[in-house]
Each structure stands twice: as structure tokens, then as C-alpha cells.
Amino acid sequence: MAPRAESKDPLNAFALGAHAAPLQKFALPPRARESLLHYGMHVDITRYIEALRTRALARGVKRIEAEIAGVLLNGEGAVAEITLAGAPAAEADLFLDCTGAEARVLSAMGAAFEDWDAVSPCAFVGYGRNAPGAEIAPFTTIAARDDGWMQTIPLQSGDAWAIFSESPNIDGAETIHPFRSGVRDTMWRGNCVGVGDAAGVVEPLHGLGLHMAHRGVLRLLSLLPQPGGEASAGAEYNRLMRNEFASARDAACAHYALAQRTDTEFWRARAAAPYSAALARKITQFKRRGRIPLEDEDVLQESDWAAIFSAHGLWPERSDLSTADADPAAIRAGLERMKAGLAGMAASMPSHRAFIQDSLNPAG
Ligand SMILES: Cc1cc2nc3c(=O)[nH]c(=O)nc-3n(C[C@H](O)[C@H](O)[C@H](O)COP(=O)(O)OP(=O)(O)OC[C@H]3O[C@@H](n4cnc5c(N)ncnc54)[C@H](O)[C@@H]3O)c2cc1C
């Protein structure tokens, strides 16, 4: 067995973001050292939609706002036209279905929804908002509840929260909706391509919904068919996106599988729930020797998986043989320097609120 450079520190001790978060601090990493801090955005979904719309219209996109009244198919099962309430019917060579989880166009074409409820048990989601506080936390909080979990997303206008639950009884929610995880069996069908939730929905335990919408757009651009159509592009889109959604699902499943909470029926069922062979491989390899075998279409990086595993208390039993010749004392000293350096960088960052204010008013 290879010697281990034993450290009592959790992995967080070596992540700049984890040093900054409890101090309510944030700054963009220096350009030359971007790998030091991988950050995401907390977006107010309504304002994000407005911003994207304004940008698209400025670039010449024509917008018709109308309810889809019907989907007319041709003899080959492709979309001939989409009829709109109060507007002329829409004809096109290629249609994108971006109508969310209901996938109005794809489902009219016969694309079935493959349910992932067995691994993703929350059938309801309730939304609420908190009044703005003095600080804007620089991180999303995910907290387990007896029958599900709660996500709190800090925004300038106050925290937005969502509770995912097995049951529709969600105290304090302003609105409550049914929720289903799963994918369309075909996401690109004939001349229609599903993007975003129309292609698939994953419980946002790891917050990957918007990322998956972006992945869909990028995949579509890389496979954009030539005039006349190209059936292989659709098959490839379906293969790639299905694998990517499966990887996003596995990220959510990992949180359930490793939660180690057994005090309620919900969590006991989660501990016993099945998960994919790909996730099982990752868990086993990480546990045995700290390796993380990535899939070709993995939506997370090695460091993301390591963060999930270690945060849930999973830690390698032994180090990889490739580190056998390393000197544990030198590694320990290097880790101590790294930890102190990261703590110093975090302490010198501005508060998250100050960072946001400076970004909004760069001159003042
Ligand atoms: C509570 C909650 C928390 C989440 N948290 C995160 C997170 O932290 N990070 C993350 O990345 N993702 C998160 N997600 C997922 C993310 O919000 C979704 O993946 C994303 O909004 C999907 O965008 P979309 O455009 O595909 O679908 P939608 O946002 O559902 O948009 C669909 C659009 O289609 C329109 N439409 C529907 N039917 C018709 C019709 N018949 N005619 C005309 N128009 C129609 C609707 O009006 C709507 O404008 C979360 C989701 C939920 C529910």
C-alpha cells in the first residue's frame, strides 16, 4: 500500500471558494490563475430571460409572442407548421422546442417521456422569496428536509427558495407545482430539436438545468444540418444529449446515494435506491484509490465529483500507486502552504455585496 500524506483537513481547505464562502466574500480570480476559483452565477430567472431577449432582438431575431394552438405534421411525421393563437402559423426548415418540461412540439410528434422517478423521488416543488437582508451570500444552500430538500439562492432582491418534496404539502410556499425528472426518448425528431427542459429535466440538486440548456444549444450548433436534412445529425444529438442528461442525473443521484441520513422514510428509501453503473464505478474507484473515471459526455469535471464525494464523507482508502515515491512530509508541507495562501487570498477579497455593487457601478 502506498504511504499516505495524512491530513486532517477536508478537501475544502484547499479550495479558494470554500475559504471565501463563510466570510461572505467574492472576487473574480486573477486572469493568470483562473483555475483557482470556478464560480457560477446566481441569476434572477425573470431578469435573465429579459436580458437574453433584448440581446437576441438587437441581433435581428424576430419575436412573435403567441400560445401554441396546434402542431401540424406532414406525412413523414415531421412538423409542417405550428399554428399559433392570434398569429399566422409558423413554417420553418428546423424547429426548436423550447417549451419547457411539457415539450409541446416533441410530444405532439410522439416523443415519449422516460420517467426517472425511481432515482429522483420529489414529485412536487414549492417556491418562495425572502426579503433582502444585509448580506448576499456568495453561495447556494442545499439543505435536507424530512421529505425532500430545500434550495436557497441568494439574489439582490432577496433569497429565492424552492422546496422539493415527495408531498404537495409544502408550508410557506407561494406556489406549488408537480415536478418530474426524466428525458424525452428522442430529443431531435425529424425537423424538431428539443433544447433545455423540453429535452430533459433533472432534479436541480446540483443546479445543472441551465447548463444543460446551454449544452443543447452548443450540440445543435456543432451538428447543424445542411439544407436537405441529415438524419445522422439527429441520431448523434440524441446519443450525446442522452448521455449528458444521464451524467447530470448521476450528479443529483450521488447526493442522495451518499447522504447517510436514515431518520425518515424518505431518506431510508434514498439510501436503498438504485443508481447507474457509471455512478457506481465512480464511487468505487474514488473510495478504493481516489480515482474518478469520467464518462465521454460527463457534464462535471473530476474536481466537481471529488467535491461531491468528500462533502458527503467519502474518502479514498489508499492513495494511487503513482504517488508511491512521493515524500509524505514534503506533500504535507506543500498542502499547509497552499491552505495558508488560499486563506490569505480569501481574507483580502471584498464582500460579495461590495463585489456586486462595484460590478453594477464600475465607475463609482
Ligand atoms: C425550483 C427549481 C430550481 C432550479 N434551480 C436551478 C439552478 O440552481 N440552476 C440551474 O441551472 N437550473 C435550475 N433549475 C432548472 C432551470 O430553471 C430549468 O432547467 C430552465 O429554466 C429550463 O429552461 P427552458 O427554457 O428549457 O424551459 P422554461 O423555463 O420552462 O421555459 C419554457 C417557455 O416555453 C413557454 N411555453 C410553454 N408552453 C407553451 C405554449 N403552448 N405556447 C407558447 N409558449 C409556451 C413558457 O411560457 C416558457 O416561457 C431549477 C428548476 C426549478 C424548478
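## Burial and overall build

Of the 364 residues in the protein chain, 26% are buried, meaning that 20 or more other C-beta atoms, placed from the backbone, lie within 10 Å of the residue's own. This is a predicted model, in which local features need pLDDT of at least 70 and side-chain atom pairs count only at pLDDT 80 or more, while totals for chains, interfaces and linings use all residues. Residues are numbered from 1 along each chain as its sequence is written.

The C-alpha atoms of the protein chain fill a box of roughly 70 × 55 × 45 Å along the principal axes. The chain holds ten helices and 14 strands; these are DSSP runs numbered from the N terminus, with helices (H or I) of at least four residues and strands (E) of at least two. Among contacts in the protein chain with a separation of 6 or more, 67% link residues 24 or more positions apart. A contact here is a pair of residues whose C-beta atoms, placed from the backbone, lie within 7 Å.

## Surroundings of the ligand

There are 20 residues around the ligand, and those that come nearest are Gly100, Ala162, Gly196, Gly207 and Gly209.

By class, the shell has nine nonpolar, seven polar and four charged residues. Nonpolar covers Ala, Val, Leu, Ile, Met, Phe, Trp, Tyr, Cys and Pro; charged covers Asp, Glu, Lys and Arg; the others, Gly among them, are polar.

Strand 1 (residues 68-73) runs antiparallel to strand 2 (residues 79-84), joined by five bridges. Two strands pair if DSSP finds at least two bridges between them. Leu73 has Val79 in strand 2 as its bridge partner. The two strands form a hairpin with five residues between them, and Gly77 in the turn has a positive phi of about 85°.

Strand 2 also pairs with strand 3 (residues 87-90), again antiparallel, over two bridges. Leu84 is opposite Ala87 in strand 3. This hairpin has two residues between its strands, and Gly86 in the turn has a positive phi of about 75°.

Three strands make an open sheet in the order 5-11-14, paired antiparallel. Strand 5 (113-115) and strand 14 (200-201) are at the edges with a single partner strand each, so one side of each has no neighbour in the sheet.

Strand 11 (residues 182-184) pairs with strand 14 over two antiparallel bridges. The bridge partner of Val183 in strand 14 is Gly200.

Methods
A residue is buried if 20 or more other C-beta atoms lie within 10 Å of its own, exposed if 12 or fewer, and partly exposed in between; C-beta atoms are placed from the backbone. Two residues are in contact if their C-beta atoms, placed from the backbone, lie within 7 Å. A residue is near a molecule or strand if its C-beta atom, placed from the backbone, lies within 6 Å of it.
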